[in-house]
Amino acid sequence: MSISAFDALIAGDQKIEYKDWMPDGYRESLIRQIAQHAHSEIMGMQPEAAWISRAPSLARKAVLIAKVQDEAGHGLYLYAVAETLGARREDLLDALHEGRQKYLSFINYPTLTWADVGALAWLTDGAAVVNQVSLCRTSYGPYARALVRICREESFHHRQGFDLLYTLSQGTPAQRRSLQEAVERWWQPALAMFGPPDSLSTHSASSMAWRIKRATNDELRQRFVDLCVPQAEALGVRLPDPALRWNPERGHHDFTPPDYDELMRVVAGHGPRNKQRLAHRRRAHEEGAWVREAAAAHAAKEAAKQAAAREIDAQEAIAQEVDAVEEEWPLWEVFVRPRRGVGHTHAGSLRAPDAALALHSARDLYTRREEGVSLWVVPSRSMTSSDPEHKDAYFAPAADKQYRHASFFPPPEGVEGL
Amino acid sequence: MTALFDYLLGLGDDALVAAQRTAEWCARAPQLEEEVALANIALDQLGQARAFLTYAGELEGAGRDEDALAFLRDEHEFRNVQLVELPNGDFATTVAKTLLLSAYQNLLYTRLSRAAEPQLAGIAAKAAKESAFHVSYASVWTVRLGDGTPLSHRRMRDAVEEVWPYTHELFEPWAAPEAGLDPAALRGPWLEVVDRVLGEATLARPRDGWAATGGREGRHTEWFGPLLAEMQYVHRAHVGARW
Ligand SMILES: [Fe+2]
Ligand SMILES: [Fe+2]
């Protein structure tokens, strides 16, 4: 494939797929955006996970665990997409831990009360839905498919947040007060999620041209505000913006844009919780190192045993296995049979030290919403795929053999059963 | 109060406190895949707790629902074993707790799914499937840590040693007539499961010695009060509020 073939696909609103040729800039933009998205998913677990132990009802506790779990899942889907572009999860995590790559700034604000859990979900997951629904049409196929799954789950997050707040709005004076205060705290951080204004956004133009992004920061922000206003009314809360009002000429609400200096400050690491969030993430990663190493060591031992049984060079097998697990658990492709009677389809990928854990993770990650009745996991390095470069040689010749299709032979009128 | 009510509280409290502990791993698991797995286990345990406590409340007929039972009872009114109160410790300790608890729960739920009492049997049948997966997950990790690196072997061994004294309580005589089983009879099959996993993990079964007891009568460890305080305080700070 060449630049002109790539441009033609983009212009024709077709998807770019795994292993297709792509300009370096396209690849880099995608990796940057997907990494930032993935980091935001896993960092975003913290402000809410902090409230799981204190959730005031068992039903809310269950919903909150499920939501935080989804965010981990989103991180996994997205790191797997980045891997299709040649990035490695381990490197991306290093970049996050060392502060070289960023995550969304709202995560650096504190969740002070139970109402903050609802406000965070209603506003920031709501903003994420607006952003990601638009991104589902992104030009990179694996990213678009991951986003479809993510969007479905984000709407659950958004909805449960609103539901939590709505219950508070019908509650005691203290509950209603905490609702109002929490919404005031999260309004600005949510608006800031759409990034700097279009006039200042450094990456927007090229991302739009490549159809990685499908709407500008300001368009999405406006869409979000317009959606929030009636919902806030239903909750009986005041959105903290004196300039917020309907503008009949524009057909949109006017509002005060978020404080970009503050956004830039927080992105640069100077928000109220940046230090703690990153330290927490780093600590979890470091404290988990011995576990990951143990699983890798066990997998290597098992590989050596199997090699010995098959009488192939055990040393070589260990070397291969150790190579594969030294830095990171190997990648597995997951195939799910959605129901009896249909074939397994590719769902995504994950990392696991061995097949047993790959199956466990696949079950948790890709079938937790009743999406399957059977699973296959295959080591990614065992898969052989046709080369996109040979697409024409492989698949074009079928196009001029229309006589293979029954529809090539229209039956004479009145003749049936053919 | 009927024996069945008390029994349901015990089943529900075991699951609830286990869920509370398992969920403490959220956002601090050793690997992202384990985030998803541990959250799944916590959700299963919490679902079991809610089913048992809801049923207990209905049976009592005093208008207490799952939340009243979870958030408004004091420490001494909880009927869970002390095993589930133990702090999570490192990942090996959590794996050990999960293995030893879920192997017991799986045997227990499987038996209870055949109980004459239909509602109890129904809840247990669903819980048995869930706990079977927990056993599988914890076994896989016990083996990987036990047979992994020298460090992980040491930690897994220490974890099993540390948790072992708290397992005896699981098999103490304690059951409603409706359950139709003697907990002591579960220990044999439980040891079979545990021995197989420990063997594969190159670990020895700890010697039986001091045995924790008292949870079923409401006597708990020093760790339990803080766990409840954290779990209950928001609910209790707003008397009568809906959530
Ligand atoms: Fe998410
Ligand atoms: Fe979300």
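Is A:His157 buried or exposed? At 0% relative accessibility, A:His157 is buried (buried means under 20% relative accessible area, exposed over 50%, partly exposed in between, with a 1.4 Å probe and protein chains only). The legends below describe a predicted model, in which local features need pLDDT of at least 70, side-chain atom pairs count only at pLDDT 80 or more, and totals for chains, interfaces and linings use all residues. Residues are numbered from 1 along each chain as its sequence is written, chains are lettered from A and ligands numbered from 1 in the order in which they are written, and side-chain values use heavy atoms, with hydrogens and water left out.

**View 1. The site of the iron ion (ligand 2) in chain A.** A:Glu71 (OE), A:Asp125 (OD), A:Glu154 (OE) and A:His157 (ND1) coordinate this ion at 2.0 to 2.2 Å. Donors are N, O and S atoms within 2.8 Å of the metal (3.2 Å for Na, K and Ca); water is not among the atoms, so sites may look incomplete. The four donor atoms subtend angles of 85 to 164°, and the arrangement is therefore irregular. Four donors count as tetrahedral if all angles lie between 85 and 135 degrees; four count as square planar and six as octahedral if opposite donors are over 155 degrees apart and all others between 65 and 115; anything else is irregular. Along the chain, the donors follow the spacing E-x53-D-x28-E-x2-H. A:Glu154 and A:His157 are separated by about one helical turn, because they stand three residues apart in helix 7 (residues 141-169) of chain A. A:Glu154 is buried, with a relative accessible area of 2%. Helices (H or I, at least four residues) and strands (E, at least two) are DSSP runs, numbered from the N terminus.

**View 2. The site of the iron ion (ligand 1) and the bridging residue A:Glu71.** The donors here are A:Glu41 (OE), A:Glu71 (OE), A:His74 (ND1) and A:Glu154 (OE), at 1.9 to 2.2 Å. Angles of 83 to 144° among the four donor atoms make this site irregular. The donor residues are spaced E-x29-E-x2-H-x79-E in sequence. A:Glu41, in helix 2 (residues 24-43) of chain A, and A:Glu154, in helix 7, link distant parts of the chain, 113 residues apart. A:Glu41 counts as buried, at 5% relative accessibility. The two iron ions, ligand 1 and ligand 2, lie 3.3 Å apart and are bridged by A:Glu71.

View 3. A:Gln175 is buried, with a relative accessible area of 1%. Its side chain reaches the backbone nitrogen of A:Thr172 at 2.9 Å. Leaving aside neighbours within four places in sequence, A:Gln175 is in contact (heavy atoms within 4.5 Å) with A:Leu168 and with residues of chain B, including B:His238 and B:Trp243.

**View 4. The interface of chain A and chain B.** The contact takes 55 residues from chain A and 52 residues from chain B. The two chains bury about 4,800 Å² between them, 66% of it on carbon and sulfur atoms; buried area is the accessible area (1.4 Å probe) that two parts lose on being put together, summed over both. A:Leu58, A:Trp290 and A:His360 supply 16% of the area that chain A buries against chain B, more than any other three residues. Three salt bridges are counted between the chains, a salt bridge being a side-chain nitrogen of Lys or Arg within 4 Å of a carboxyl oxygen of Asp or Glu. A:Asp354 forms a salt bridge with B:Arg144, with the closest N and O atoms 2.5 Å apart.

Notes:
Polar contact = N/O pair within 3.5 Å; in protein donor to acceptor, adjacent residues only side chain to side chain.
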